[in-house]
Amino acid sequence: MPSLLPALAGLLAVMALAAWFARRTGQSPHAALDTASGLQLNGSMVATFYGVLLALILYGQISSHQDIESRLNHEAWEVLFLFRLGESVPDAPTRASWEAAVREVAQSVVQIEWPAMRNRHTQKLLNSGGHLDPLWRALMAFDPRDARAQLLLGRATESYAVLLESRRQRLNAGNTSLHPILWFGLIAGGFFTIFLSIFSAGPGKITAIAAAMSTGLVYLLLWLVAVYQRPFEGPLAISPAPYVRALEQMEAATGQRF
């Protein structure tokens with residue numbers, strides 16, 4: 001907060017200077033615009049700047065949302081790939097342990113991690129990661145005796161490392177949000193834009209409808225920003241469907257084997 005004091009002081013100084021200059025020029029009838037034209041001009045400038053800023057923030061939120069979905073699909077694919085690699089293990093007990101560990105990881109994501117991400121209680125999961133330990137132990141218990149088995153273990157450990165990193169990013173994504181100061185700027189800018197659009201408009205039904213639509217648009221965009229910054233909550237929440245499909249394919253493969 002102390003580092004923001006010079007910026008706030010500069011903002012107040014610039015605003016005071018602008019108000020003083022507008023007051024001085026407003027005393028000259030030849031240099032000044034009438035009140036309605038001045039409000040319309042200021043309203044257009046502020047609304048344009050605010051709209052561009054809001055659009056950029058919303059674009060970033062949507063891109064982040066899509067990136068999380070893409071990483072989730074890749075993460076579920078890596079889990080399914082690890083299961084498929086386990087099918088190539090020649091030793092039956094080791095293969096069963098390997099496949100059971102992979103299924104346990106997928107089930108824990110759906111049953112344990114997803115409710116925690118929805119409630120934004122992921123710090124404990126980030127610090128522990130205990131449900132991944134059985135998979136690691138299964139990989140380490142595999143004793144490669146030939147080049148093919150060594151290649152299998154090497155590829156499995158690579159997938160495990162990718163899985164760990166993807167999981168870390170997914171759990172962290174639920175805790176990211178806009179800074180409160182940025183939220184304050186967006187809300188204050190929204191009120192200011194709505195104020196100018198209302199009081200710079202003339203009388204009549206068309207201007208009233210335009211003011212109502214501008215207000216609704218600002219509200220809608222702010223609501224979308226709020227929704228997109230919580231990727232695992234709300235009406236646009238990301239679902240664990242890729243993991244559910246991976247579990248179904250694992251169960252189908254196990255059933256076909258027996």
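This report describes the helices, aromatic pairs and selected residues of a predicted model.

**Overall make-up**

The secondary structure of the chain consists of nine helices and zero strands. Read from the N terminus, the elements run α-α-α-α-α-α-α-α-α. The chain has 258 residues, of which 33% count as buried. Among contacts with a separation of 6 or more, 79% are between residues 24 or more positions apart.

| Helix pair | Angle between axes | Axis distance |
|---|---|---|
| Helix 3 and helix 5 | about 160 degrees | 8 Å |
| Helix 5 and helix 6 | roughly 165 degrees | within 10 Å |
| Helix 3 and helix 6 | about 5 degrees | 13 Å |

Helix 3 packs against helix 5 at an angle of about 160 degrees. Angles over 145 degrees count as roughly antiparallel, and helix 3 and helix 5 are therefore roughly antiparallel to each other. Their crossing is left-handed. On the helix 3 side, the contact is made by Ser97, Trp98, Ala101, Val102, Glu104 and Val105, and on the helix 5 side by Pro134, Leu135, Ala138 and Leu139. By class, these residues divide into eight nonpolar, one polar and one charged.

Helix 5 covers residues 133–141 and helix 6 covers residues 147–173, and their axes cross at roughly 165 degrees. That angle makes helix 5 roughly antiparallel to helix 6. The crossing of helix 5 with helix 6 is left-handed. Here Leu135, Trp136, Leu139 and Met140 of helix 5 meet Leu153, Ala156, Thr157, Tyr160 and Leu163 of helix 6. The contact of helix 5 with helix 6 has eight nonpolar residues, one polar residue and no charged residues.

Helix 3 and helix 6 have their axes 13 Å apart, at an angle of about 5 degrees. Helix 3 is thus roughly parallel to helix 6. Helix 3 contributes Trp98, Val105, Val109, Glu113, Trp114 and Met117 to the contact, while helix 6 contributes Leu152, Ala156, Leu163, Arg167, Arg170 and Leu171. By class, the contact of helix 3 with helix 6 has nine nonpolar, no polar and three charged residues.

**Aromatic pairs**

The structure holds four aromatic pairs. In one of them, the rings of tryptophan 77 and phenylalanine 81 have their centres 5.2 Å apart and their planes at 10 degrees, so the pair is stacked. Tryptophan 77 and phenylalanine 81 are four residues apart in helix 2 (residues 35–86), and are therefore separated by about one helical turn. Tryptophan 77 counts as partly exposed, at 45% relative accessibility. Phenylalanine 81 also counts as partly exposed, at 22% relative accessibility.

Another pair is formed by tryptophan 114 and phenylalanine 232, whose ring centres are 5.4 Å apart and whose planes are at 80 degrees, so the pair is edge-to-face. Tryptophan 114 lies in helix 3 (residues 92–118) and phenylalanine 232 in the loop between helix 8 (205–228) and helix 9 (241–257), so the pair ties together parts that are 118 residues apart in sequence. Tryptophan 114 and phenylalanine 232 are both buried.

**Selected polar and charged residues**

Glutamine 229 lies in the loop between helix 8 and helix 9. At 9% relative accessibility, glutamine 229 counts as buried. Apart from neighbours within four places in sequence, glutamine 229 is in contact with Gln61, Thr176, Ser177, Leu178 and Trp183.

Arginine 167 is found in helix 6. Arginine 167 is buried, with a relative accessible area of 7%. Its C-alpha atom is separated by 9.0 Å from that of arginine 71, which is 96 residues apart from arginine 167 along the chain.

Arginine 120 lies in the loop between helix 3 and helix 4 (123–128). Arginine 120 is not a glycine, yet has a positive phi of about 60 degrees. At 36% relative accessibility, arginine 120 counts as partly exposed.

Conventions. Residues are numbered from 1 along each chain as its sequence is written. This is a predicted model: local features need pLDDT of at least 70, side-chain atom pairs count only at pLDDT 80 or more; totals for chains, interfaces and linings use all residues. Side-chain values use heavy atoms; hydrogens and water are left out. Axes are lines fitted to C-alpha atoms, for helices over the stretch in contact, and angles run from 0 to 180 degrees between N-to-C directions. Helices (H or I, at least four residues) and strands (E, at least two) are DSSP runs, numbered from the N terminus. Angles under 35 degrees count as roughly parallel, over 145 as roughly antiparallel, 65 to 115 as roughly perpendicular and the rest as oblique. A crossing is left-handed if the near helix is turned anticlockwise from the far one by less than a right angle, and right-handed if clockwise. Contact means heavy atoms within 4.5 Å. Ala, Val, Leu, Ile, Met, Phe, Trp, Tyr, Cys and Pro count as nonpolar, Asp, Glu, Lys and Arg as charged, and the others, Gly among them, as polar. Rings of Phe, Tyr and Trp (its six-membered ring) pair if their centres lie within 6.5 Å; planes under 30 degrees apart count as stacked, over 60 as edge-to-face and the rest as tilted. Buried means under 20% relative accessible area, exposed over 50%, partly exposed in between (1.4 Å probe, protein chains only).
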